[in-house]
Amino acid sequence: MEMHMLLWKAVSLFTLLYSLGLPDENAPKPSTEQRCDFASLYMRCDGCNETFHADSNDFHSPNYPQKYPDEEYCSWRITVSLSHQVYLMFTYFSLQFENNTDSVYVYDGDKETGEVLGVFYGGHPPPKEGIYSSSNSLLVIFKSDKNSSYPGFKASYHAVNCSGTANPDFTYQTY
């Protein structure tokens, strides 16, 4: 058990440092192919901490559309072309209803020090009209507690002109 705890602490520290934006470009980055399935240690790594550089993409909570695991921490860094903004739309959203439980945090820019554009949970879902960044980057963080889990969320983003004009075809669902 001590070996598992040591490994969990090392992976957790590595993931935390990466999510805060390591200044060293040569530092290793979590792989989306990596599986850390230590269920008893509350750590999963499969596709949970990703960086996107495409002008559009989709992502979702772990195990979506099945229930997400307890005590999960995931981050998605989104960077689109310069002179564009990120338009983020949650096309499905189902988390615990209570505040201070399972939540999605959206930050303007690519670090947690950026302006908080919203903290969303089951009783306070993201806006149906979507969320716009003020620059070409956005950070999305998902945290779950150890009580109850739900299907989670599915989200899409697109690069839009700085005027905020977007023409994506999204349908929003919540259950």
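Which residues do ring pairs link into a cluster? I find Phe52, Phe59, Tyr68, Trp76, Phe90, Phe93, Phe142, Phe153 and Tyr157 linked in this way, where rings of Phe, Tyr and Trp (its six-membered ring) pair if their centres lie within 6.5 Å, with planes under 30 degrees apart called stacked, over 60 edge-to-face and the rest tilted.

Before going further I note that this is a predicted model, in which local features need pLDDT of at least 70 and side-chain atom pairs count only at pLDDT 80 or more, whereas totals for chains, interfaces and linings use all residues. Residues are numbered from 1 along each chain as its sequence is written, and side-chain values use heavy atoms, with hydrogens and water left out.

**Aromatic pairs.** I looked up the number of aromatic pairs and found 11 in the structure. In one of them, the ring centres of Phe59 and Phe153 lie 6.2 Å apart with the planes at 85°, so I record the pair as edge-to-face. Phe59 belongs to strand β2 (residues 56-60) and Phe153 to strand β9, 94 residues apart, so that distant parts of the chain are linked (helices, H or I, of at least four residues and strands, E, of at least two are DSSP runs, numbered from the N terminus). Phe59 and Phe153 are both buried, where buried means under 20% relative accessible area, exposed over 50% and partly exposed in between, with a 1.4 Å probe and protein chains only.

I also looked for a charge over a ring, which requires NZ of Lys or CZ of Arg within 6 Å of the ring centre and within 35 degrees of the ring normal. The charged end of Lys143 meets this over the ring of Tyr105, at 4.9 Å from the ring centre.

Leaving aside residues up to four places away in sequence, the contacts of Val104 (heavy atoms within 4.5 Å) include Phe90, Phe93, Val140, Phe142 and Phe153.

**Disulfide.** A search of the whole structure gave me 1 disulfide, defined as a pair of cysteine sulfur atoms within 2.5 Å. Cys48 and Cys74 form it with their sulfur atoms 1.6 Å apart, and the S-S torsion is about -90°, so the disulfide is left-handed. Cys48 lies in the loop between α1 (2-19) and β1 (49-52) and Cys74 in strand β3, 26 residues apart. Cys48 counts as buried at 2% relative accessibility, and Cys74 does so at 0%.

**Strand β4.** I find 10 of the 11 residues of β4 buried, so this strand is largely enclosed by the rest of the structure. β4 pairs with β9 in the antiparallel sense over 10 bridges (pairing needs at least two DSSP bridges between the strands), and His84 stands opposite Asn161 in β9. β4 also runs antiparallel to β7, joined by 2 bridges, with Tyr132 in β7 as the bridge partner of Tyr87.

**Lys128.** Finally I checked Lys128, which I place in the loop between β6 (116-120) and β7 (131-132) and which is exposed at a relative accessible area of 57%. Its C-alpha atom is separated by 7.5 Å from that of Phe90, 38 residues apart along the chain.
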